[in-house]
Amino acid sequence: MASDYDVEFVERTEREARILVRGITPAFANGIRRAMVADVPTLAIDTVRFIENSSVMFDEQLGLRLGLVPLTTPTPEEFGDDDVVTLSIDVEGPATAYSGDLVSSEPDLVKPADENVPIIQLKDDQRLEAEAEAVYDHGKNHAKHQGGVAVGYRHLQRVTVDGDLPEFEEEESQIVRGVIEDDGELIPTSEFGHDLTERYPGKDVTVEDVPNAFVFHVETDGSFAVEELVTRAVDSIDDRAAELEDAVQL
Amino acid sequence: MMVPVRCFTCGTVVAEHWEEFEERAREGDEDPAEVLDDLGVDRFCCRRMLVSHTDLVDVVSPYQ
């Protein structure tokens, strides 16, 4: 692909963003989406040793709940690929054990991304004490390792005003979703209630897809920031392409 | 029994918002839809996780 790339943020917060990418094919856009969902490794609890569990839930159930808690994930290079992090939890009832009660062995690098996730509600004389090991893995193996949630993309849509509507014609609402381009200006459709007649009252408009321009909607589970997710996804495609090139060389 | 940690469909962490949702919409008298909008739970898959959940720990605990 020799055409020019252009990447632009339309909306951006720590965990959610809309990113416009120009000059990529639909196949490559989908490749990026799939890489974000399945190929970016994240840390998640994988093994739990229960020292005491007198709560109303079984060990296995609590193991699943602990696994699904997102953990902040440094890059594997920063950390070493096979390294494990130990997290321990010790809560005595009556109380609720939260993800924030997990104590990490590497508190600067790895800690629960959300502190308010209730793990289990403990009554009098009930106790949860456990040690857990978090490992790197890919989203394709288990949903708990999936860094990007609800990642998707749409074509950028160009709206052009053709003229006025006939005077006595009744206006019908025209719903579009995503981001529209009007004279080079990018406008998220949520700004006008996703209805073009709100923005162009009494006008006749045409909507067309802009070729090879895609608006990604990216959300992360808190393991890392949005930029980090996208760059790691693209890096993983790059690595696999290089690996393929090596493999087919004579 | 306890609120699911993540949305079954999309994987967003929803349990994070459970206690505030319970306090404001179940025990309080705010409109659940407005509370969910306020919490930033805006997809319907995630909203149903909180709306349809019942805590059963209190029901089960006498039978330990």
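Analyst: Before we look at any pair, here's what the angles are about: a helix axis is a line fitted to the C-alpha atoms over the stretch in contact, and the angle between two N-to-C directions can run from 0 to 180 degrees. Keep in mind too that this is a predicted model.

Let's begin in chain A. Helix H1 covers residues 26–39 and helix H5 covers residues 226–248, and their axes come within 9 Å of each other, crossing at roughly 105°. Since anything from 65 to 115 degrees counts as roughly perpendicular, H1(A) is roughly perpendicular to H5(A).

So which residues do the touching between H1(A) and H5(A)? On the H1(A) side you'll find A:Phe28, A:Gly31, A:Ile32, A:Ala35, A:Met36 and A:Asp39. Facing them from H5(A) are A:Leu229, A:Val230, A:Ala233, A:Ser236, A:Ile237 and A:Arg240. Sort the residues of this contact by class and you get eight nonpolar, two polar and two charged.

Two names from that list deserve a second look. A:Asp39 and A:Arg240 form a salt bridge, with 3.3 Å between their closest N and O atoms. A:Asp39 belongs to H1 and A:Arg240 to H5, and with 201 residues separating them, the pair links distant parts of the chain. It is one of 26 salt bridges that a search of the whole structure, over all chains, turns up.

Take helix H1 of chain B, residues 18–27, and follow it to H2(B): the two axes come within 9 Å and cross at roughly 150°. With over 145 degrees as the mark for roughly antiparallel, H1(B) is roughly antiparallel to H2(B). The crossing is right-handed. H1(B) brings B:Glu20, B:Phe21, B:Arg24 and B:Ala25 to the contact, while H2(B) brings B:Pro32, B:Val35, B:Leu36, B:Asp38 and B:Leu39. Those residues divide into six nonpolar, three charged and no polar.

H2(B), residues 32–39, also packs against H3(B), residues 44–51: here the axes come within 11 Å, at roughly 120°. That angle makes H2(B) oblique to H3(B), and this crossing is right-handed as well. From H2(B) come B:Ala33, B:Leu36 and B:Asp37, and they meet B:Arg47, B:Leu50 and B:Val51 of H3(B). By class, this contact holds four nonpolar residues, two charged ones and no polar ones.

To finish, how do the two chains meet? 28 residues of chain A are in contact with 20 residues of chain B. The size of an interface is often given as the accessible area lost when the parts come together. For chain A and chain B, about 1,900 Å² is buried between them, 56% of it on carbon and sulfur atoms. Three salt bridges run between the chains, and one of the salt bridges joins the side chains of A:Asp221 and B:Arg6, at 3.1 Å from N to O.

Conventions:
Residues numbered from 1 in each chain as written. Chains lettered and ligands numbered in written order. Predicted model: local features only at pLDDT ≥ 70, side-chain atom pairs only at ≥ 80, totals over all residues. Heavy atoms only, no water. Helix = DSSP H or I, 4+ residues; strand = E, 2+ residues; numbered from the N terminus. Parallel < 35°, antiparallel > 145°, perpendicular 65-115°, else oblique. Left-handed = near helix turned anticlockwise from the far one by under 90°. Contact = heavy atoms within 4.5 Å. Nonpolar A, V, L, I, M, F, W, Y, C, P; charged D, E, K, R; others polar. Buried area = accessible area lost by both parts, 1.4 Å probe. Salt bridge = Lys/Arg side-chain N within 4 Å of Asp/Glu carboxyl O.
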